[in-house]
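Here's a quick briefing to read alongside the model.

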Amino acid sequence: MAASLPPLPKIEGDVDLFLDVFTHNSLRMQSAPMNEEYGNTDRLAVLGATVLRLAIATHFFRKKPQLSAEDIEKEIDKNLSDDIVDKWMNQYNLKTKLRIAPSEMKRIGDEMRKVFETYVGALYIRNGLHAVQPWISRLIDPNAMVEEPTVVVPPSSARTYAPIPPPSSAGSSRTTSSMSYQPAPPKSPPPPIPPPYSMGSSSSQFQAAGSQNSSMYNMVTVALMNQKASQMGYQVTYPAEHTGPPHNPIWTVRCCLNNREYGRGTGKSQKIAKDEAARKTWAAMGW
């Protein structure tokens with residue numbers, strides 16, 4: 001790996017997804033069901049191609065001095081060329097990770113770009129844009145000063161508010177536009193983040209946290225959890241492990257926000273355990 005090459009971001013906490021990314025369609029069962037979260041790798045590749053273009057566009061949009069719209073388009077096309085993507089694949093040795101039927105080896109060259117786009121798509125749904133953007137920016141320019149994207153709303157103590165102008169007369173407040181000033185900041189700080197999940201916590205405890213809307217608790221999915229966590233500025237991961245014989249494993253999956261555990265699920269499949277961990281974390285966060 002070149003010295004200036006940024007490290008390849010890991011697809012956190014999901015071994016099955018990682019293996020799926022590097023499994024060619026020639027090794028898949030034709031009647032295999034769609035994954036309930038992301039469908040299949042073809043869908044991930046479409047998403048990844050879009051996210052990759054967005055990350056490159058964002059990189060050159062922020063470049064100083066500012067580039068013209070035409071120059072941004074030229075840079076996008078240049079950095080999305082097959083030669084550039086193939087170079088990235090070689091630098092990270094991603095081609096060696098691909099599992100493929102021997103009969104398809106001669107034709108795989110045309111699909112290597114799709115493998116890279118699938119990886120980007122998987123990284124995006126699991127780690128979020130804040131993991132993709134710095135990586136792609138540093139691939140383009142190893143010395144780039146990356147302003148990582150975020151959707152976190154700053155706490156009330158960090159917000160600034162324009163002072164409320166006093167009315168000049170008794171009736172002036174009625175004619176003053178509501179857009180001329182901001183409302184006063186809240187008097188109390190935001191509530192603290194709930195404590196991380198512990199092994200002593202029971203499932204009834206988490207369901208009690210969502211007792212005001214138990215139907216919502218039961219409707220929480222991994223996809224919904226990932227979307228909410230991304231909106232709130234959290235990085236969500238699902239470390240998984242299993243015990244027992246290969247034909248009858250028991251899975252344990254932890255749901256972590258910014259590397260702190262908030263929910264844990266167990267089940268006969270990784271999906272069942274992951275769904276349970278996501279629901280418990282949703283309840284623990286009070287969402």
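Helix α5 covers residues 112-127, and at 1.5 Å a residue its 16 residues should span 22 Å, which agrees with the 22 Å between its end C-alpha atoms. That expected span is 1.5 Å times one less than the number of residues. Helices here are DSSP runs of H or I with at least four residues, numbered from the N terminus. This is a predicted model, where local features need pLDDT of at least 70, side-chain atom pairs count only at pLDDT 80 or more, and totals for chains, interfaces and linings use all residues. Residues are numbered from 1 along each chain as its sequence is written, and side-chain values use heavy atoms, leaving out hydrogens and water.

**Helix α5**
- α5 is mostly covered, with 12 of its 16 residues buried (under 20% relative accessible area, with exposed over 50% and partly exposed in between, using a 1.4 Å probe and protein chains only).
- Among the buried ones are Met 112, Phe 116, Glu 117 and Arg 126.

**Packing with α6**
- Phe 116, Tyr 119 and Leu 123 are among the α5 residues that meet α6, where Leu 129 and Trp 135 are among the partners (contact means heavy atoms within 4.5 Å).

**Trp 287**
- Trp 287 sits in the segment after α11 (270-285).
- Its relative accessibility is 24%, so Trp 287 counts as partly exposed.
- Trp 287 and Met 225 are 62 residues apart in sequence, yet 9.5 Å apart in space, C-alpha to C-alpha.

Conventions: Helices (H or I, at least four residues) and strands (E, at least two) are DSSP runs, numbered from the N terminus.
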